[in-house]
Amino acid sequence: MQISKNKAIYFLVFTFYFLLNACNSPYVSKRKGYYKIDLPKRSYVKFDRPGFPYSFEYPAYANIIQDTTYFDASPENPYWINIDFPTLNGRVFLSYKIIGGKADYKVKQANGIYKDSVGINTFDNMVNDAFNLTNKNNVISNSIKDSLIYTPNGVSGIFFKVGGNAATAKQFFLSDTAKNFIRGALYFDTTPNADSLKPVQDFLQVDLDHLINTFQWKKAGEK
């Protein structure tokens, strides 16, 4: 009986010592991780809708949707479209403008309400607007890099890469400087987080490059 009692005491002391050390062991933090994203296989189809002043190739896993609203109003022409990526929760907004054409603008007042204004689409003004819209991300971005675009099809423009948790990290505009001007911006239907979105951002960068490099302005009478 004495032996059993000693064994029991020894067992209790050992167990207490083990638990005490386990409770005092240093905490090891776990690395922050994100859900794995299944990226689709690349393939492209051509967008060449009759009547449109431009054409390009876009991913087969995306959908082309007519853009019907702009600040709760109708776009100034029917050539505004969105490229939706439903499996990636992203969208590229493409807004087309005619250089020298009239446009309805929404001017934000001091009280936060937008007021209608009519103006002329000059090339210089639209370039300035593209830079200004990109620079609005300065508050939350840690960098903004712009690079010149000149494709084999003779299309030129500027591409913007915005670092940090900006709402849109990829923006660009293309123009022939005489008649046609189009601006593109990639958005995601989620709270911007540069780290979690990086795999998708990098994946779609290739698709944006392909879109730009296959982009063409249609000649008069070619629509």
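Guide: Contact here means heavy atoms within 4.5 Å. Keep in mind that this is a predicted model.

Visitor: Beyond its neighbours within four places in sequence, what is threonine 151 in contact with?

Guide: Threonine 151 is in contact with Ile212 and Asn213, once those neighbours are set aside.

Visitor: Where is threonine 151 found, and is the residue buried or exposed?

Guide: Look in the loop between strand E8 (143-150) and strand E9 (156-163). Buried means under 20% relative accessible area. Threonine 151 has 3%, so it counts as buried. Its C-alpha lies 9.6 Å from that of glutamine 216, a residue 65 places away in sequence.

Visitor: How should I read a nonpolar core?

Guide: Start with the general idea. In soluble globular proteins, nonpolar side chains tend to be buried together. Now this case. The largest nonpolar core has 34 residues. Tyr54, Phe56, Ile83, Phe172, Leu174 and Phe215 touch the most other members.

Visitor: Which helix or strand gives the most to this core?

Guide: Helix H3 (194-214) does, with seven residues. Strands E2, E4, E5, E10 and E11 each supply at least two. Another core, of eight residues, lies apart; Ile99, Met126, Val127 and Phe173 are among them.

Visitor: What does leucine 174 touch, beyond residues up to four places away in sequence?

Guide: Its partners include Ile149, Val155, Phe181, Ile212, Phe215 and Trp217. Leucine 174 lies in strand E10 and is buried, at 0% relative accessible area. From leucine 174 to phenylalanine 215 is 41 residues along the chain, and 9.0 Å between C-alpha atoms.

Technical notes
Residues are numbered from 1 along each chain as its sequence is written. This is a predicted model: local features need pLDDT of at least 70, side-chain atom pairs count only at pLDDT 80 or more; totals for chains, interfaces and linings use all residues. Side-chain values use heavy atoms; hydrogens and water are left out. A nonpolar core is a set of buried Ala, Val, Leu, Ile, Met, Phe, Trp, Tyr and Cys residues joined through side-chain atoms within 4.5 Å. Buried means under 20% relative accessible area, exposed over 50%, partly exposed in between (1.4 Å probe, protein chains only). Helices (H or I, at least four residues) and strands (E, at least two) are DSSP runs, numbered from the N terminus.
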